[in-house]
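Student: I would like to go through the labels attached to this model and see what each rests on. Please set the values against the cut-offs.

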Amino acid sequence: MNFKITLLPGDGIGPEIIAEAVRVLDVIASKYKHSFDLQERLMGGCSIDKYGSSLTDETLADCVASDSVLLGAVGGPKWDDPKAKDRPERGLLALRKGLGVFANLRPIKVHPALMDRSPLKAEKLQGVDILVIRELTGGLYFGFPKGRDIKDGRERAVDTLEYYDYEIKRIMHLAFNLAKGRKKKVTSVDKANVLESSRLWRQIATQIGKENPDVELEHVLVDTASMKLITGPAWMDVVVTENMFGDILTDEASVLAGSMGMLPSASLGESTLGLFEPIHGSAPDIAGKGIANPVGTILSAALMLRHSFKLEAEAAAIEHAVETAITEGARSADIGGTLTTRQMTDEIIKRI
Ligand code: IPM
Ligand code: MG
């Protein structure tokens, strides 16, 4: 089959890790007789430098016109001025919104061979296999009013946590459907003891829970959820939550896996067009050194094959190769080894 993929390497280590994911895709293409038509575009700080905008209309249109989008990372100290008109992160948010990818799937699995890399005791990590579904195009990131002004002689800043019923419904449907292929349990995380938006969230979760009696539903407050992620993470399976809660909880959950560099994500909407990116950032401190862990990006490419292209065997082949490479001792610097970005990928490629 033939698929058109837009690559957005972005900033920092982005280009290095995307290059490795491309090598893996090349191997899959020749082994399984597919053709991946790759086009590369700028997004993030690099796009500000070249075009004066973190995401141009042309780049967004090219992404929309492709079958899927694979992203490295955006941001860096160069573009961190709080007074700047545009920021790399704005491009990423506009891309998510523009692609309509409202559900961000962040699977957190702990590889047994990496348990000693996590600050948590191994006994707590046994059996951890969580799928966080983070709402991605609503909530505090996008609500209006938003901005700064002077009110009553004082400088003021406003962000709005806003949700419409349909935004909550569609992500709950996805959560329950995905739970059916797993442990049939959904943990809905909110702050319903304080926030009105969370009370609507909980009301809709409950309603959709009733429509899916074969799936157990529990509601957990976000502060409790953040504690339980550390004290008893194995107790969670599918976790569904608001945009910003999900942002915070997934960084916390990544610690369970030993390194952020290991974790992929898939952002999905109504169509098969998705946005796939590792959950880590652009890591400017190690950019250009060739030592970044490519696994999060390679596993994101696997998620792209599965979710956008429905190539399950190909996706599983990559995941299996990563798993055996780790089991057999392949380690980049972030997980206690000495392999370069390229060598780490070589270890994966030879097991596909
Ligand atoms: C993430 C990141 C982004 C977010 C930033 C870079 C805008 O932290 O994907 O988790 O907050 O969504
Ligand atoms: Mg984040």
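Student: Why does Arg202 count as partly exposed?

Tutor: Buried means under 20% relative accessible area, exposed over 50%, and partly exposed in between (1.4 Å probe, protein chains only). Arg202 has 26% relative accessibility, so Arg202 counts as partly exposed. Two notes on the basis: this is a predicted model, in which local features need pLDDT of at least 70, side-chain atom pairs count only at pLDDT 80 or more, and totals for chains, interfaces and linings use all residues. Residues are numbered from 1 along each chain as its sequence is written, chains are lettered from A and ligands numbered from 1 in the order in which they are written, and side-chain values use heavy atoms, with hydrogens and water left out.

Student: What makes the pair Arg202 and Asp190 a salt bridge?

Tutor: The term asks for a side-chain nitrogen of Lys or Arg within 4 Å of a carboxyl oxygen of Asp or Glu. In Arg202 and Asp190 the closest N and O atoms are 2.8 Å apart, and the pair forms a salt bridge. Asp190 has a relative accessible area of 0%, so Asp190 is buried.

Student: How many salt bridges does this rule give?

Tutor: The count comes to 25. Among them is a network that links Asp129, Arg182, Lys183 and Asp237.

Student: What does the salt bridge of Arg351 and Glu328 tie together?

Tutor: The side chains of Arg351 and Glu328 meet at 2.8 Å, N to O. Arg351 lies in the segment after helix H12 (341-349) and Glu328 in the loop between H11 and H12, so the pair ties together parts 23 residues apart in sequence. Arg351, at 23%, is partly exposed, whereas Glu328, at 56%, counts as exposed.

Student: Why is H10 called roughly antiparallel to H11?

Tutor: Axes are lines fitted to C-alpha atoms, for helices over the stretch in contact, and angles run from 0 to 180 degrees between N-to-C directions. H10 and H11 pack at about 160°, with axes 7 Å apart. Angles under 35 degrees count as roughly parallel, over 145 as roughly antiparallel, 65 to 115 as roughly perpendicular and the rest as oblique. The angle makes H10 roughly antiparallel to H11.

Student: Which residues of H10 and H11 meet?

Tutor: Contact means heavy atoms within 4.5 Å. The H10 side includes Ile298, Leu299, Ala302 and Arg306, and the H11 side includes Ala315, Ile318, Glu319 and Val322. By class, this contact has 10 nonpolar, no polar and four charged residues; Ala, Val, Leu, Ile, Met, Phe, Trp, Tyr, Cys and Pro count as nonpolar, Asp, Glu, Lys and Arg as charged, and the others, Gly among them, as polar.

Student: What makes H11 and H12 roughly perpendicular?

Tutor: Their axes come within 8 Å and cross at roughly 115°. That value falls in the 65 to 115 range, so H11 and H12 are roughly perpendicular to each other. Ala321, Val322, Ala325 and Ile326 in H11 meet Met344, Glu347 and Ile348 in H12. That contact has six nonpolar, no polar and one charged residues.

Student: Which residues of H12 are buried, and what do they pack against?

Tutor: The buried residues of H12 are Thr341, Met344, Thr345, Glu347, Ile348 and Ile349. They pack against H1, H10 and H11.

Student: Why does Lys33 count as exposed?

Tutor: Lys33 has 66% relative accessibility, which is over 50%, so Lys33 counts as exposed. Lys33 is found in the loop between helix H1 (14-32) and strand E2 (35-40), and has a positive phi of about 60° although it is not a glycine. Lys184 also has phi near 60°; at 38%, Lys184 is partly exposed.

Methods: Helices (H or I, at least four residues) and strands (E, at least two) are DSSP runs, numbered from the N terminus.
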